[in-house]
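Please look through the model below before reading my comments, which are arranged as numbered points.

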Amino acid sequence: MLKLKPSDLNLEVLEMLTFFYSVYLKFMPNPQQLVLILYDFYGGSRQMYRHYSLEKHQELVAVHTDNFAKLSKKARENPVDESNELLVDESLGEYAKGAAIFSQYCTACHKEKEVLVGPPIAEMAEIYINNETALIDWIREPGKKREDFPQMPGFPQLSDEELQELSKYIIK
């Protein structure tokens with residue numbers, strides 16, 4: 001059987017196929033055979049086209065899958081140590097641990113006196129000055145409070161002691 005790639009179909013090939021087809025028609029006794037032959041040719045060429053057009057993609061997918069499997073195995077064999085040791089500056093006295101927690105979890109979005117992503121510390125201290133419990137609850141499970149700020153993520157991983165130290169630092 002003649003196997004052609006889509007790139008092989010140029011004018012010469014088409015002329016040759018047309019010639020063989022016309023010769024075959026002269027000697028073919030049954031018109032129903034023509035329908036079957038055309039159906040087979042059309043179906044086969046469509047499958048060939050699909051096969052050859054997907055071949056490179058399938059090879060690339062196989063390479064990427066193999067690379068991912070190797071990287072995944074390496075990651076499982078060499079887990080990353082995710083210990084989050086606080087860098088506590090003892091010179092801050094009673095607020096040292098709260099400042100370290102704030103530095104680790106909050107400085108990406110909050111500054112002391114200016115708006116970054118969330119409100120500044122000064123504004124938070126003003127809102128929660130006499131209500132440390134409400135601030136702790138907010139940090140643990142925040143909601144959407146203001147339209148002009150994105151919703152803050154929750155920090156359920158912080159212990160009650162860490163939340164108290166953090167809120168003490170914020171309200172100071």
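1. I begin at the surface, where Met16, Phe19 and Phe20 form a nonpolar patch with about 320 Å² of accessible area together. Accessible areas here follow the Shrake-Rupley method with a 1.4 Å probe, and for residues only the protein chains shown count as cover. A patch takes in residues with over 30% relative accessible area and no salt bridge, like charges being joined within 9 Å and nonpolar side chains (Val, Leu, Ile, Met, Phe, Trp, Tyr) within 5 Å; a salt bridge is a side-chain nitrogen of Lys or Arg within 4 Å of a carboxyl oxygen of Asp or Glu. Phe20 lies in helix α1, residues 11-27.

2. Please keep in mind that this is a predicted model, in which local features need pLDDT of at least 70 and side-chain atom pairs count only at pLDDT 80 or more, while totals for chains, interfaces and linings use all residues. Residues are numbered from 1 along each chain as its sequence is written, and side-chain values use heavy atoms, with hydrogens and water left out.

3. The chain has six helices and zero strands, where helices (H or I, at least four residues) and strands (E, at least two) are DSSP runs numbered from the N terminus. Buried residues make up 20% of the 172 residues, buried meaning under 20% relative accessible area, exposed over 50%, and partly exposed in between, with a 1.4 Å probe and protein chains only.

4. Which helices do the buried residues of α6 pack against? They pack against α3, α4 and α5. Leaving aside neighbours within four places in sequence, Ile170 is in contact (heavy atoms within 4.5 Å) with Phe102, Ile121, Met124, Ala125, Leu135 and Ile139.

5. Glu165, also placed in helix α6, deserves a separate comment: Glu165 counts as buried because its relative accessible area is 18%. Not counting residues up to four places away in sequence, Glu165 touches Glu94, Lys97, Gly98 and Ile101.
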